[in-house]
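Visitor: Could you show me how to read helix packing in a model like this one?
Guide: Gladly; let's look at the structure together.

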Amino acid sequence: MLTVKQVAEQLNLTAQLVYQLIQAGKIPVHRFGNGRGTIRISREDLDQFIESCRHVASPRDVPKVTRSPRQPPLKHIRL
């Protein structure tokens, strides 16, 4: 089981963003203790979250790079 801080370090995120992902229901957690308790995240749940974030770009997602036509040299500048 991982702490929020450990998850934030592994994902290179802030702890605040990890808490937001937890609140949004994107990362499942286990709470231990009384009241709000201590939050722990299982390795399996973290792996599933990471996999759900995977995005494979399709050709239509990648913008087509167009090159501008070559501009003629400026006549008023002498080199």
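The dialogue below turns to helix packing and helix faces.

Guide: This is a predicted model, where local features need pLDDT of at least 70, side-chain atom pairs count only at pLDDT 80 or more, and totals for chains, interfaces and linings use all residues. Residues are numbered from 1 along each chain as its sequence is written, and side-chain values use heavy atoms, with hydrogens and water left out.

Visitor: At what angle do the axes of α1 and α2 cross?
Guide: Helices are DSSP runs (H or I, at least four residues) and strands are E runs of at least two, numbered from the N terminus. Axes are lines fitted to C-alpha atoms, for helices over the stretch in contact, with angles from 0 to 180 degrees between N-to-C directions. Here α1 (residues 4-11) and α2 (residues 15-23) cross at roughly 105 degrees, their axes coming within 8 Å. α1 is therefore roughly perpendicular to α2 (65 to 115 degrees).

Visitor: Which residues make the contact?
Guide: Contact means heavy atoms within 4.5 Å. V4, V7 and A8 of α1 meet A15, V18, Y19 and I22 of α2.

Visitor: Which residues of α1 are buried?
Guide: Buried means under 20% relative accessible area and exposed over 50%, partly exposed in between (1.4 Å probe, protein chains only). V4, V7 and A8 are buried in α1. They cover an arc of only 100 degrees around the axis, so they sit on the same side of α1; the arc is that of the directions from the helix axis to the C-beta atoms. The face turned away from that buried side carries exposed K5 and E9.

Visitor: And what do the buried residues of α1 pack against?
Guide: They pack against α2, β2 (38-40) and α3.

Conventions. Parallel < 35°, antiparallel > 145°, perpendicular 65-115°, else oblique.
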